[in-house]
Amino acid sequence: MTVNSEQAAWWDTAGHGWAQIQDVVGLVLRPYQDLLVEAASRRPRRRVLDVGCGTGGTTRAIAAATGAGCVGVDISETMLAAAREHGEAEFVKADAQVHAFEERFDLVVSRFGVMFFDDPVAAFRNLLAATTPGGELCFVTWRTAEENPVMTTSSRVAASLAPDAPAPDPDGPGPFSLADAGRTRGILAEAGWTDVDVQPVDRDCVMPEELLVPYLSNMGSIARALRERPESERGELLRKIRGEYDPFVRDGEMHFPGGVWQVTASAPL
Ligand SMILES: C[S@@+](CC[C@H](N)C(=O)[O-])C[C@H]1O[C@@H](n2cnc3c(N)ncnc32)[C@H](O)[C@@H]1O
């Protein structure tokens, strides 16, 4: 069953571009994968669930580092098709908010895959039901847009390309829906998790400058807005868009200063 059908439709479309440049995404978001791999490696793990696993890079990295059996769950078939090409883990198509998992996991992780639930309390309660007593939850989620200036630039560019598109609901599902640490603590406590801990982590995410244009033309709202323009206009538009990111480029590299919360919690014994 899928309850987050708008998100499923969005990620099925966005997944094509994401899959196309999965290696670039893997490079840029690598520091956050490393945080989760480190957390997963702190004690022996038997079964690990990666929620909103996308193309599965983090799922595979945790499987390799811990030797645990890893399962990635995602709502998007296009993301999962790319994930399955690599093997090394199991990948399940489901809406993590409501899916009745058939087994229990001693660790549930996510890299930016748990901010898209229309009912986050129900979703985290469902994930708790899939966790062994004493098992752990560990995920990373973006702090505010102001603390992630590259994403603010991208939102501004996307809004200028599609001025009639409705403004995103700041409290609705989206990349910043868990940016308020107090709200996140409340959601997890209401869902039944204990020992909730929310820590700020800052990382500089880096990629070679020449990957910036392929990145922009395949990612999210900018890619969608570009697709809706006549092909003859796209090259010039892309050149202009690229210029907006000049403040983040130095010495042939693009630097994304990224501010996230690393959130951990335990399942009651
Ligand atoms: C920002 S992407 C992150 C992908 C991956 N974790 C990574 O870091 O590369 C968010 C992912 O969450 C998935 N997702 C969104 N809502 C979901 C839901 N209700 N259940 C399962 N996956 C979901 C999307 O399809 C997408 O692949």
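Me: Which residues does G134 touch, not counting residues up to four places away in sequence?
Reply: This is a predicted model, where local features need pLDDT of at least 70 and side-chain atom pairs count only at pLDDT 80 or more, while totals for chains, interfaces and linings use all residues. Residues are numbered from 1 along each chain as its sequence is written, and side-chain values use heavy atoms, with hydrogens and water left out. Contact means heavy atoms within 4.5 Å. With residues up to four places away in sequence set aside, G134 touches R43, A267, P268 and L269.

Me: Is G134 buried, partly exposed or exposed?
Reply: G134 sits in strand β5, residues 131-142. Strands (E, at least two residues) and helices (H or I, at least four) are DSSP runs, numbered from the N terminus. Buried means under 20% relative accessible area, exposed over 50%, and partly exposed in between, with a 1.4 Å probe and protein chains only. G134 has 24% relative accessibility, so G134 is partly exposed.

Me: What distance separates the C-alpha atoms of G134 and N148?
Reply: The two residues are 14 residues apart along the chain. Their C-alpha atoms are separated by 34 Å.

Me: Which residues are the closest to the ligand?
Reply: A residue is near a molecule if one of its heavy atoms lies within 4 Å of it. The ligand is surrounded by 18 residues. By class, this shell has ten nonpolar, five polar and three charged residues. Nonpolar means Ala, Val, Leu, Ile, Met, Phe, Trp, Tyr, Cys and Pro; charged means Asp, Glu, Lys and Arg; the others, Gly among them, are polar. The closest are G52, D74, D95, A96 and R111.

Me: How much of the ligand's area does the protein bury?
Reply: Start with the polar contacts, pairs of N or O atoms within 3.5 Å. A ligand oxygen is 2.6 Å from a side-chain N or O atom of D74, and a ligand nitrogen is 2.8 Å from one of D95. A polar side-chain atom of R111 lies 2.6 Å from an oxygen atom of the ligand. Alone, the ligand exposes 600 Å² (Shrake-Rupley method, 1.4 Å probe), and the protein buries 97% of that.

Me: At what angle do the axes of α1 and α5 cross?
Reply: Axes are lines fitted to C-alpha atoms over the stretch in contact, and angles run from 0 to 180 degrees between N-to-C directions. The axes of α1 (residues 5-20) and α5 (residues 77-84) come within 6 Å. They cross at roughly 35 degrees.

Me: Which residues of α5 make the contact with α1?
Reply: The α1 side supplies W11, D12, G15, H16, W18 and A19. The residues of this contact divide into five nonpolar, three polar and two charged. From α5 come E77, T78, M79 and A82.

Me: What covers the buried residues of α5?
Reply: The buried residues in α5 are T78, M79, L80, A82 and A83. Their cover includes α1, α2 (22-28), α4 (57-66), β2 (69-74) and β3 (90-93).

Me: With which residues is T153 in contact, leaving aside its neighbours within four places in sequence?
Reply: T153 belongs to helix α7, residues 149-161. At 5% relative accessibility, T153 is buried. Its contacts beyond those neighbours are E244, Y245 and F248.

Me: What is the phi of D251?
Reply: D251 is in the loop between β7 (249-250) and β8 (253-266). D251 counts as exposed, at 77% relative accessibility. Most residues other than glycine have a negative phi. D251 has a positive one, near 50 degrees.

Methods. Polar contact = N/O pair within 3.5 Å; in protein donor to acceptor, adjacent residues only side chain to side chain.
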